[in-house]
Amino acid sequence: MGKRVHHLLCNGARFEVPRNAKSLRLDYRPDEQPNVRIELPSFVEQLLHIPPRLLDLLEIAAYVYCADRWSYRGTKSAVEYQAWSRDFVFHIKVRDFKFWSQSQIRQKLNAALSFLSGDRKFEFEFQPNHKTPPTSLFDLQQVSVTGLSKTRIALFSGGLDSLAGVYEILSGTGDQVCLVSHRSSQPQVGRTQDQLVYSLQSRFPGRVQHYKFYCNLTAQRAAEETQRTRMFLYSAIATAIAATVGVNELTIFENGITSFNFPRRQDLLNARATRTTNPKAISLLQDLFAAITEADFHIATPFIWKTKADVVAALAKTSGSALVPSGVSCSRTFLSIGSASHCGECSQCIDRRFASYAAGIDELDDSVPYAVDFINSPLSNDEACTTLVDYVRQAHEFATWNPDHFATQLFGSISELVDYVGAVTEEEAYNRISQLCRRHGKQVMNAMARMRDKHDRLEQKIVHGSLLSIIAEREYLKLPISRLVETACNCLDHAIPLAFQTNAPKDEPDLNDKISAILNVDRGRFEREHPAVRFGLATAIPDHSAFEEDLVIETKYLRGSTTPSRASDGMAADLIKYPPSKHILFVVYDPARSVSDDEAFRRGFEEKGRCTVHIVR
Amino acid sequence: MVSNLMGHERVGALPKTEPWRKIVKDIASYDGETEQSRRIANQTLENVRDRFESIQRDPNVHAAFKFLMELAIAGAGGQTTAFQLPDNPTAFTIARMLDSAVPVHTGSSEYAALAKAAATDAIANWYAQNAMQPSLFGTAEQNSEIWKKAGSAGGFCEIARLFFAKFTERYLNYFLEREASAVSPTLQRRELLQKQIRDQIDAVSKHAFETARITQSFAAGWYKRHTREGVPTDEEIAGFLAIAFGKLREDLRREKTE
């Protein structure tokens, strides 16, 4: 399939562009008819001097970002998204020509950028003899800023993850922090970042520095908003700072669910679900930066095994919780949303609200001005509706899929990750990924239940098109454990009378053997007499358990000397034996109808919470 | 972090033309009737008829299928030019080998991603069907045994069948999932719709399997004939893809007209 190649001629590079190709000259230098803004001189001034190869890196990253924004990736309503993946050839004049011309460096650039963006190729043809004048009297090789060699360098967007990460460093260590931001033409984002940095500097005097790098297209409006290469620019800026001041590590704070970003629809191929902090992308960038800096360069991602709710909950426990409303997560701050700071319906806003409810800081987050309150108000368009519904659907699947199904459904996506998540074996990587997704799923389900409890008032009508109306049929509000209990009870109701229609169970162990077989007829989710649970000085062994679900099942067989009263004593003792995190399902087999008032029998226990009493006959 | 400044996912839509709008309308009003779901799938494939016919010629689809063939041959201990099973051929290892075997700089990146995904599905499903243990993590010996089974004519047929079926299923979902969530007024309804779509895709998949079964006898013969001397040539593989996809399309159309 023939693709039109995009040729980018940067820094005055020359190339005879083929007639069927598309081309654009890119330059930022004041005397060269600039059409992009790259504020390199003012950035260099902050660090006094940046080595030539790192200046090249900054320019390359800036030009790649500008080309990404210039080249349209096609309409969202195309039949197939064949225009999405582009072919770029960059012709760039550089200072360190010998280094950049190496084929392995060009291959590393192509590998990182193609994966990050979902484009087909990034070819680079470097040309020598690029020069820029010194930015100040101190812009000399032998001059450098001092006192930064023990600084933590972190990317800083102003969202909750980066805020929480930076706060964690500042409150938990004595380290200095250097925050790195890319600035484009969105003043609101810049203001938010500045306000947050100011708050951090006030709380931790002398420990927070903020480096900003300005870069955007100027001569024309950007045709493409997806900006999949922006992470390259962001991390290149941080790498340039790190290498200049003698630091070999930069830190990216992003939760694991967002980093993995498993596609929610089949059309989200080729990085249409962003790979910005995907572990493979991070690894490819790290590999590239290590080659450029000729050092053992490392990109740390300390939140990779946390969900957004985990991150928010941790921040909420610190004195930094007051900053939560100031953090801006929205991806659409460029839209006109009046006095609101968040659109309220992009995937980041949705994720943030669910995380806040899951972490129990909804009161704090509710003070954030959202243009659309999706819990109570209708979503404004189909795209928002798709985003919300698919977010909830995926979380629901994560919460309810058993491990084997999870593996089959996400096999392709997981196989791309297993080498890059720092696990020793594939099995360990898979287990950690699946456990993280499961926790996220449960947190979203819990958040949704909390949203309903808080906002669904009997005296008020549910607004059509809101989340409350979308989940009006309630099935999704049930906690995963409630659904599991319901499934188990339905199964037993149907099968136990059949199993014992001729011969009653000999004793309780016999009953439990049959129950075990019935519960596991579909898949081996329940275990028999496992595991031993220690509580105080006692050890309890449940008759059955689905321990991953925090569910234990205790069986009572009413007959002969095992009266309802004696069974009640046993059940009361069971309630004490298991830790509060476990839900207990009491299966009471009562073939002779010894319990005269089922409701009263059940109520006495269920009122205590954390247990369900199910009588089977 | 940085992703919060760029759309986290690009939400697609179906074209605004009448045939596609009709499909969206049909999805929204789907009432569970088999006939209606069949119509949605057939109409979708009809809307992309020329594209679907050209897929068999895509170099990435060719590469993904060739990988599965080489996997089958290598599993049986045969000689291939570029393929060697590792000492412990886990399902994940094989999937990663596939990733590097399908280049994205030629052909369509969209078809490359779909073909890779379908081949990965085939790998995972074959593994799950043939594993002695419930999980994806067997011993090196168990893993080798699983790919050895793939090396028979029957094994190859099954893997080929899985590939064609999964490719068709994913290609249909590539369109149908874009607006499914937006046209349902409640989550419950969307979930119902998802199930209905899944059933439909299931039906199409089974349909594809049926079709592939027609292909199976052809495939087994072809595999035996062409692998005696090693891996078939690219021309021979292209010929097989043309016939297999052709039979699949033919059967789907027959279904529509019957």
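**Close-up views of a predicted two-chain model**

**View 1. Domains of chain A.** The C-alpha centres of domain 1 and domain 2 of chain A are 37 Å apart. Chain A is assigned domain 1 (5-127), domain 2 (340-478) and domain 3 (480-616), with bounds taken from an automatic or database domain assignment. This is a predicted model, in which local features need pLDDT of at least 70, side-chain atom pairs count only at pLDDT 80 or more, and totals for chains, interfaces and linings use all residues. Residues are numbered from 1 along each chain as its sequence is written, while chains are lettered from A and ligands numbered from 1 in the order in which they are written.

**View 2. The open sheet of chain A.** Four strands of chain A form an open sheet in the order β2-β1-β4-β5, with parallel pairing. Strands (E, at least two residues) and helices (H or I, at least four) are DSSP runs numbered from the N terminus, and two strands pair if DSSP finds at least two bridges between them. The edges are β2 (22-26) and β5 (121-127) of chain A; each has a single partner strand, so one side of each lacks a neighbour in the sheet. On average, neighbouring strands of this sheet are turned by 15° against each other, direction ignored; the axes are lines fitted to C-alpha atoms, for helices over the stretch in contact, and angles run from 0 to 180 degrees between N-to-C directions. Strand β4 (residues 87-93) of chain A is joined to β5(A) by seven bridges, the two running parallel. A:Phe88 has A:Phe122 in β5(A) as its bridge partner.

**View 3. The nonpolar cores.** Within the largest nonpolar core, of 218 residues, A:Tyr63, B:Leu68 and B:Phe163 touch the most other members. Such a core is a set of buried Ala, Val, Leu, Ile, Met, Phe, Trp, Tyr and Cys residues joined through C-beta atoms within 7 Å. Helix α8 (residues 153-180) of chain B supplies the largest share of this core, 15 residues. Domain 1 and domain 2 of chain A each contribute at least three residues to this core. Leaving aside residues up to four places away in sequence, B:Phe163 touches B:Phe65, B:Leu68, B:Ala118, B:Ala119 and B:Ala122. A second, separate core of 28 residues includes A:Ile496, A:Phe526, A:Leu551 and A:Ile584.

**View 4. Helix α10 of chain A.** Seven of the nine residues of helix α10 (residues 308-316) of chain A are buried, so this helix is largely enclosed by the rest of the structure. A residue counts as buried if 20 or more other C-beta atoms lie within 10 Å of its own, exposed if 12 or fewer, and partly exposed in between, with C-beta atoms placed from the backbone. The buried residues of α10(A) include A:Val311, A:Val312 and A:Leu315. They pack against α5, α8 (256-260), α11 and α16 of chain A.

**View 5. The contact between chains A and B.** Chain A gives 68 residues and chain B 48 residues to the contact, where two residues are in contact if their C-beta atoms, placed from the backbone, lie within 7 Å. The most on the side of chain A comes from α13(A), with nine residues.

**View 6. A:Glu427 in helix α16.** A:Glu427 belongs to helix α16 (residues 426-455) of chain A. A:Glu427 is partly exposed, with 15 other C-beta atoms within 10 Å.
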